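Dear colleague,

Please find below the structure that I am handing over to you, followed by an account of what was found in it. I would be grateful if you would read the two side by side.

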Amino acid sequence: MSTLSDAYRNHPLHPNHIVPLDFSAVRTMPDSHVWQPESCVDDISFEELLSSPVPVIDLADANAPELIGQACETWGVFQLVNHGISLSHIEEVEHEAGRLFALPTEQKLKALRTPCGATGYGVARITPFFSKYMWHEGFTIIGSPADHVRELWPHDHGRFCDVMENYQKKMKGLAERLTRLIFDSLKISEEEISWLASTNGSGGSSPPSTASTALQLNSYPSCPDPNQAMGLAPHTDTSLLTILHQSETNGLQVFRPGLGWVLVPPVAGAFVVNIGDILHILSNARFPNTLHRVVVNGSRQRFSVAYFYSPPTDYVVSPLYKGLNSGEDNIIPRYRSVAVKEYIGLKAKNLENALSIIRT
Ligand SMILES: C=C1C[C@]23C[C@@]1(O)CC[C@H]2[C@@]12CCC[C@@](C)(C(=O)O1)[C@H]2[C@@H]3C(=O)O
Ligand SMILES: O=C(O)CCC(=O)C(=O)O
Ligand SMILES: [Fe+2]
């Protein structure tokens, strides 16, 4: 069975598209990082934001399944509170991420992602598609980060690894729970998603889930001219769904057609859940794959931690949603079937057109 790392191995990156800037040494904006003004600031006003906020859903609320279904359909993104993962666990992850990004640049470069690799320190994978660089550095983890982290802290890598591995386990449980709720709202049966582990909480032994998952630590250093910079350029996630925690500094914006860029305000302990391309395909385009970006700050460094959850890379994705009522049955599939690994390859070559290539 192939893995997420295998899926990226066939799409090597140019070395120029791996190494982040040494942000600690920068006092003025290098031209390589200056974006056209119109691509940076055109977010909606505070008043508009108040009248159209990204939904915040309490997972302990009896209506949560219905509210999640609605949010997926209208926004493709929502904030989740009362999800059962304690703030102290999240803060531990942020603390370790902060420790990593605070290392001197030459130290961080010891954990640099290789051109054919999927994990380690480096710029965002979408970098080659833009003529300017982003004000961002990242660290990607798939499973155990030990190989990279040993290079960073030869005598003291255990704590970082434990925290990240433990967090991935928690995220996986939450991702499975959300996936079940979401598929339920689409009237897609468990049999059609056999790759999803049956963690029914009854204590019985259950088959291991083979979902593809990755944890991405993001750092957006404070920037001498935030209006000219881009933290993370507009993109959709490839995943089925992404569960993100953002530190207390504003930065994440989602694009709402007809409205513009809408801030997703940080809520302590909340997760931002957003629909990725794979769920957009599975839902036969009923759920939008939310376009989002990150703007940066003039005085504060911002961190976020994103957990990407997808079916196994060999799984063939096709529109499973056939309508909620029998009258709607057999609605026309908007996309052809595509294996997860094939889709990753299409996106690695055509960031913006991957979905149109598989459109029927
Ligand atoms: C599983 C993954 C999704 C991701 C590529 C990756 O291998 C790990 C990094 C992820 C990330 C984070 C920043 C935005 C993004 C588009 C990118 O460039 O790297 C996503 C990728 C994705 O969703 O395709
Ligand atoms: O930093 C953020 O808030 C968003 C990060 C993101 O979009 C990603 O990692 O894909
Ligand atoms: Fe993203």
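Around ligand 1, helix α1 (4-9) and strand β5 (212-220) each supply at least two residues of the shell. Helices (H or I, at least four residues) and strands (E, at least two) are DSSP runs, numbered from the N terminus. Please note that this is a predicted model, in which local features need pLDDT of at least 70 and side-chain atom pairs count only at pLDDT 80 or more, while totals for chains, interfaces and linings use all residues. Residues are numbered from 1 along each chain as its sequence is written, and chains are lettered from A and ligands numbered from 1 in the order in which they are written.

The two ligands

The shell of ligand 1 holds 14 residues, and the closest are Ala124, Arg125, Ala214, Asp237 and Thr238. A residue is counted as near a molecule if its C-beta atom, placed from the backbone, lies within 6 Å of it. By class, the shell of ligand 1 comprises seven nonpolar, five polar and two charged residues. For these classes, Ala, Val, Leu, Ile, Met, Phe, Trp, Tyr, Cys and Pro count as nonpolar, Asp, Glu, Lys and Arg as charged, and the others, Gly among them, as polar.

The annotated domain

An unreviewed UniProt entry carries the annotation "domain: Fe2OG dioxygenase" for residues 210-311. UniProt positions are given in the numbering used here, feature names are shortened, and annotations may be inferred rather than shown by experiment. In the model, residues 210-311 are 6% helix and 44% strand, with the end C-alpha atoms 7 Å apart.

A helix pair

Two packed helices are described by the angle between their axes and the distance between the axes. Helix α4 (residues 64-74) packs with helix α8 (residues 158-185) at an angle of about 75°, and their axes are 9 Å apart. Helix α4 is therefore roughly perpendicular to α8. Axes are lines fitted to C-alpha atoms, for helices over the stretch in contact, and angles run from 0 to 180 degrees between N-to-C directions. Angles under 35 degrees count as roughly parallel, over 145 as roughly antiparallel, 65 to 115 as roughly perpendicular and the rest as oblique.

On the α4 side the contact involves Pro65, Ile68, Gly69 and Cys72, and on the α8 side Leu181, Ile182, Asp184 and Ser185. Residues are in contact if their C-beta atoms, placed from the backbone, lie within 7 Å. The contact is made up of five nonpolar, two polar and one charged residues.

Backbone and burial

Most residues other than glycine have a negative phi. Lysine 187, although not a glycine, has a positive phi of about 60°. Lysine 187 sits in the loop between α8 and β5 and counts as exposed because it has 12 C-beta neighbours inside 10 Å. On this scale a residue is buried if 20 or more other C-beta atoms lie within 10 Å of its own, exposed if 12 or fewer, and partly exposed in between, with C-beta atoms placed from the backbone.

Alanine 285, also not a glycine, has a positive phi of about 70°. Alanine 285 belongs to the loop between α9 (277-282) and β11, and is partly exposed, with 16 other C-beta atoms within 10 Å.

What is the burial of glutamine 253 in strand β8 (residues 252-256)? Glutamine 253 is buried, because 23 other C-beta atoms lie within 10 Å. Glutamine 253 and proline 234 are 19 residues apart in sequence, and their C-alpha atoms are 9.1 Å apart in space.

Proline 12 is found in the loop between α1 and α2 (37-40). With 14 C-beta neighbours inside 10 Å, proline 12 counts as partly exposed. Leaving aside neighbours within four places in sequence, proline 12 is in contact with Pro115 and Cys116.

Proline 104 lies in the loop between α5 (87-101) and α6 (105-108), and counts as exposed, with 9 C-beta neighbours inside 10 Å.

Yours sincerely

Technical notes. Contact = placed C-beta atoms within 7 Å.
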